[in-house]
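This briefing gathers selected local features of one protein chain under a few topics. The sequence and the coordinates are shown below, and the notes follow from there.

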Amino acid sequence: MFDHLNVALKIVAIGGALQCATTAGAMEDSPVVPSGLQMTLQETLYDQLQDGTKALRLRFVAPAIGADDVTYSTVSDDFAVICQDVGLPKLATDSRSVDQIIVSFSDRETAFGVANSDVTQYFEVFTLENDTCIWEAF
């Protein structure tokens, strides 16, 4: 009887490990942020800016930011979390070097670089120094 119990516990442990691996991978696509809003990664872009610096762009869709009661201040703390928890690990796995991480949230998917006045969008820029995201306030 103990052998059956032991086998069942091993299966549960293996299943739990697989679930954790799936969840860890999904965190990048749908991260947990301080605002509690649901966000999904639309795309990741590497870009060379006009001043010659290189940037990683993390473009997220957060449908709730289109609502009247969800303002920039609602999501302002989310930017740093995304930079630190999504951007820095992405750079580590891609082995690329950039000067900045640019995080954007929009209420729906948009084409990069195409203006659309019907879309609510928020952006923040972070300079990277010693594996730390430093907010670049304008």
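G66 counts as partly exposed, since its relative accessibility comes to 39%, and the value belongs to a predicted model.

**Surroundings of G66**
- G66 belongs to the loop that runs between β2 (54-61) and α2.
- Once its neighbours within four places in sequence are set aside, G66 is in contact with D107 and T120.
- The C-alpha atoms of G66 and T120 are separated by 5.7 Å, although the two residues stand 54 residues apart along the chain.

**Aromatic rings**
- The count of aromatic pairs comes to 4, and one of them is the stacked pair of Y72 and F79, with 5.8 Å from centre to centre and 25° between the planes.
- Since F79 lies in helix α2 and F105 in strand β3, their pair ties together parts that are 26 residues apart in sequence.
- Both F79 and F105 are buried.
- Ring pairs join F60, Y72, F79, F105 and Y122 into a cluster.

**A charge over a ring**
- The charged end of R96 sits over the ring of Y46, at 4.0 Å from the centre of that ring.

**Positive phi outside glycine**
- S95 has a phi near 55°, which is a positive value in a residue other than glycine, and S95 is found in the loop between α2 (72-94) and β3 (100-106).
- With a relative accessible area of 66%, S95 is exposed, because the cut-off for that label is over 50%.
- N130, likewise not a glycine, has a positive phi of about 50°, and N130 is placed in the loop between β4 (121-129) and β5 (132-135).
- N130 is exposed as well, its relative accessible area being 69%.

Conventions. Residues numbered from 1 in each chain as written. Predicted model: local features only at pLDDT ≥ 70, side-chain atom pairs only at ≥ 80, totals over all residues. Heavy atoms only, no water. Helix = DSSP H or I, 4+ residues; strand = E, 2+ residues; numbered from the N terminus. Buried < 20%, exposed > 50% of the residue type's maximum accessible area, 1.4 Å probe, protein only. Contact = heavy atoms within 4.5 Å. Phe/Tyr/Trp six-rings, centres within 6.5 Å; stacked < 30°, edge-to-face > 60°. Lys NZ or Arg CZ within 6 Å of the ring centre and 35° of its normal.
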